[in-house]
Amino acid sequence: MSSGTLVRSLGTAALAAVVVVSPANAVAAPSPPPPAPGAPAGGVAGLLTELQRLYQQAEKATETYNGTTAELKKRAARAKKLDAALVTARRSLSRGRDAAGQLAREQYQGRSELSAYLRLLLMRDPEAALTQGQVIQRLAAGRMAAVQRLGAAEKRADELVKESRKVLAEQRTLAARKKKDRDTVRTRLKQVEAKLASLTADQLAEVSGLERKNTDQAQSALVASGALSSSRPPTAQGGEAVGYAVRQIGKPYVWGAEGPGSFDCSGLTSQAWASAGHVIPRTSQEQWRQLTRVPMNALRPGDLVVYFPEATHVALYVGNGLVVQAPRPGTSVKVSPVASNPVLGAVRPDPAGTPLASYQGPELPDGATDGSDEGYGASSAPAT
């Protein structure tokens, strides 16, 4: 039996329990049976626990990588804006310096308001003196404004140069961190590969059977809790997000990918909602932290189901107890039971939205639930 038969053993129900920790609704799946007599140390359950631990480390590493990549994109966008602002500021500064130079030349040539003021004192006609005095005042005010504009332009250009240098330094730091994060992902993938390679065919079969049993128990617990009701319609945006996610079924999982040809878990959920005109955070941890949490017994299509204690995996709920997810390297976007991974809770991107009066979910393509979640090849780690 190949590792392909592991069927979600690296990402499904945890050994001891599958826990739903949404504050308003907690459900725990039964613990697996004790190891059979004569089983290796820790037994099959121990193997599943170890694989689960390695899986979570790999997921955490990639979401850290995603977070760093997202921050690097923000800094790059900020740097671009600063460059444009600096060009504008330098043009303004150049115009200000030209005006200041003209003012200096006029004063040197005796054509400034100072020489005009001296001429005013020598005039015999009071009326003409009053009129010319007003003109001189306006000239003086204009030249004072030119000097002030020059000072402001110099200050603005100075500030922009300093901020630009700061953003550039941050970009360099983030680029170095991204490389470190990528190396961490590769290390975790190799650890998972090594663990898989150490298992015998019998051990793989036993772990797969235990995994399926735990998933079934967890799914049954969610059904019993009322968490998987199909009667709650989404909002219009939620329905659009579901439609987008379903259209991606069959596309490959790639670390850090946000489409259109491939996705990772949070790349799929963030792009699904972006396609509906609603921007949400890029990573699963930030989706869990920033979006509104909802109890599992209130799920509606479009909600995000977050997995593992550190919120390192996420999927999009489509109704009828199913989610669309990008599982992991070596797999493709697919439909899975909600309990195919240990559930942390659920969040709703559009809590203020009005649910549709009626809703018919998109038809799932043939083979939408096919495929295992195997394939932790190190070659699937980020290339840059």
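Visitor: How many residues apart in helix H1 are Glu71 and Arg75?

Guide: Glu71 and Arg75 are four residues apart in helix H1, which puts about one helical turn between them. Helices (H or I, at least four residues) and strands (E, at least two) are DSSP runs here, numbered from the N terminus. An α-helix has 3.6 residues a turn, so residues three or four places apart point the same way.

Visitor: Before going on, what sort of model is this?

Guide: This is a predicted model, in which local features need pLDDT of at least 70 and side-chain atom pairs count only at pLDDT 80 or more, while totals for chains, interfaces and linings use all residues. Residues are numbered from 1 along each chain as its sequence is written, and side-chain values use heavy atoms, with hydrogens and water left out.

Visitor: Back to Glu71, then: which salt bridge do Glu71 and Arg75 make, N to O?

Guide: Their side chains meet in a salt bridge at 3.0 Å, N to O, where a salt bridge means a side-chain nitrogen of Lys or Arg within 4 Å of a carboxyl oxygen of Asp or Glu. Glu71 also forms a salt bridge with Lys74, the closest N and O atoms being 3.4 Å apart, and those two residues lie three residues apart in H1, which spans residues 43-108.

Visitor: Is Lys74 buried or exposed?

Guide: Lys74 counts as exposed, because its relative accessibility is 52%; the cut-offs are under 20% relative accessible area for buried, over 50% for exposed and partly exposed in between, with a 1.4 Å probe and protein chains only. Glu71 is partly exposed at 28%, and Arg75 is partly exposed at 23%.

Visitor: How many salt bridges does that rule give?

Guide: The count comes to eight salt bridges. One of them joins Arg282 to Glu258, with the closest N and O atoms 3.4 Å apart. Arg282 sits in the loop between helix H6 (265-275) and helix H7 (284-290), and Glu258 in the loop between helix H5 (236-247) and H6, so the pair ties together parts that are 24 residues apart in sequence. Arg282 is buried at 13% relative accessibility, whereas Glu258 is partly exposed at 24%.

Visitor: Changing topic, what order do the strands of the open sheet have?

Guide: The six strands of this open sheet run in the order E3-E8-E4-E5-E6-E7, with antiparallel pairing, and two strands count as paired if DSSP finds at least two bridges between them. The edge strands, each pairing on one side only, are E3 (292-294) and E7 (334-337).

Visitor: Which strands does H5 lie across?

Guide: H5 lies across strand E5 (313-319) and strand E6 (322-325), running at about 110° to E5. H6 packs on the sheet too, touching E4, E5 and E6, and its direction makes about 45° with that of E5. Contact means heavy atoms within 4.5 Å, and angles, from 0 to 180 degrees, are taken between N-to-C directions of axes, which are lines fitted to C-alpha atoms, for helices over the stretch in contact.
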